[in-house]
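Work through the exercises below with the sequence and the 3D view at hand. Try each task before reading its solution.

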Amino acid sequence: MVSPSTTENLVVIGSGPAGYTAALYAARANLAPLLITGFQEGGIPGGQLMTTTHVENFPGFPQGIPGPELMDRMKAQAVRWGTRLLEADADWLDLRRRPFTVQAQGQDLRTHAVILATGARANRLHLPREGRFWSRGISACAVCDGATPQFRHEPLAVVGGGDSACEEAHALTKYGSHVHLIVRRNRLRASKAMADRVLANDRITVHWEHEVVALQGDDWLATVELRHRLAGSIRILPVRGLFYAIGHTPNTGLVQGQLPLDGEGYLTPQQPGQPDTVIPGVFWAGDVADRRWRQAVTAAATGCQAALAAEEWLTEQNLAVPVSRKPPQPEPAPTPQKVSPATEETYSPTALWQQGSYALRRLYHDSPDPLVVIYTAPGCGPCHVLKPQLRRVVEDLDGRMHTVEINIEADPEIARQAGVSGTPTIQVFYKKELRYQWRGVKQRRMIRAELEKVLALGD
Ligand SMILES: Cc1cc2nc3c(=O)[nH]c(=O)nc-3n(C[C@H](O)[C@H](O)[C@H](O)COP(=O)(O)OP(=O)(O)OC[C@H]3O[C@@H](n4cnc5c(N)ncnc54)[C@H](O)[C@@H]3O)c2cc1C
């Protein structure tokens, strides 16, 4: 599918709303774009929305939609119209010579045009147990998550002292019973007007010179521990929501030294509001150049602009090699399969993928083959990324091993007994012994290599 010897019309780097929208438009313009999804370097495939539970403000979904499902739909739409995906990070990019070169998975790919849609990642505090409470009390987006039911009429906290932190604290007073603003210094960095607004609001308490040092709770965040930076004294604050407003880091490492970046590392468009960069044929889309709005819908909108601009530029330069689709109207996108937990009636000893404790018990005790157990949780974006990769590997192994998916919310006792501390976790059993386990997302070839090692035990 990807041939290093040909020159691509267009490579889109990044698979968030900006990247998939750009690819969709380019594919519909018969450019057969290659989209490099990203894998670990700047976030997981699907981008930032893979880490959020519910998106309520993307038009067209009146009831809201889980972030990973929205991204699945965008991906399916882009692929349906002829986008080719390379599930890897772009490791290196040379924009100095034409055609441009992108290095991914050890291959040098040449392309006439590039859309940079590598997004930005919200900075984290990297506190112990932060991962556990991410999307379960901790959020990096008050605009997106502030209105969720868990935060209504509950005490909330915002960390940060700049304009965003003040804006978020102010906005959250609409939902929470009270808002605590946790500021490391003894003053706010926000504009005077914004700071005055916060200080005059009796529903906001500012904790000067404090930092968050610990998080507690069970399924959901319940308290945060604050330490006074000078006195060292500790204070426990009961809060159900903790919003980080400590800045974003744009994923612009690939173009550092090749394209102008602002003081915070965001790409600088050639002209404000336009998708062009200073290098003709190189375009931007989404949060990578947007320090202000950073929303899914604005990312998608700029993805559309970038693709249209790329198409126009390729045509003007007489570089585009159109790839016509046959038939012109593509097949419908496949509908995602839903697997229900296996029961005595539905359990099959030969099925490659089943769900739930019944299938786990039966396969563990009865099957002579290696057993892969994947522990997942609803709304876990990385689980969403890993599952299809694992599924394809297990299918390719021709029935030599079976997989059971355990939803740790539905089967918490199994997860506890298995010592699972987060999702996704994979455990591989052979002859009732745990042979191998890992946590987090891996690429397909790495999953295959690990599973083949376990299969080799039986050879
Ligand atoms: C917790 C959370 C909740 C949010 N909720 C909402 C919401 O409800 N509504 C809303 O409108 N917005 C929300 N946002 C903001 C929204 O997610 C972003 O504005 C949007 O995802 C930006 O899209 P993007 O395509 O520009 O970048 P991203 O979504 O950041 O995607 C960037 C992509 O680039 C890839 N990438 C990075 N580096 C490389 C590389 N070297 N090679 C290849 N690929 C690379 C990444 O893997 C990723 O796929 C939320 C953000 C967060 C963090």
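**Exercise 1: the ligand shell**

Task: find which elements each supply at least two residues of the shell around the ligand.

Solution. Those elements are α1 (17-28), β9 (120-122) and α7 (296-316). Here helices (H or I, at least four residues) and strands (E, at least two) are DSSP runs, numbered from the N terminus. Residues are numbered from 1 along each chain as its sequence is written. The model is predicted: local features need pLDDT of at least 70 and side-chain atom pairs count only at pLDDT 80 or more, while totals for chains, interfaces and linings use all residues.

Next, count the shell: 44 residues surround the ligand, and the closest are Gly 16, Gly 38, Gly 47, Gly 119 and Gly 286. A residue is near a molecule if its C-beta atom, placed from the backbone, lies within 6 Å of it.

**Exercise 2: the domains**

Task: state which domains the chain is divided into, and why the ligand shell lies between two of them.

Solution. The chain has domain 1 (7-122 + 248-316), domain 2 (130-244) and domain 3 (353-457), with bounds from an automatic or database domain assignment. The shell lies between domain 1 and domain 2 because both give residues to it. The C-alpha centres of domain 2 and domain 3 are 38 Å apart.

**Exercise 3: a helix pair**

Task: list which residues of α5 and α6 meet.

Solution. From α5 come Asp 163, Cys 166, Glu 167, Ala 169 and His 170; from α6 come Met 194, Ala 195, Arg 197 and Val 198. Contact requires C-beta atoms, placed from the backbone, within 7 Å.

Definitions and conventions:
Contact = placed C-beta atoms within 7 Å.
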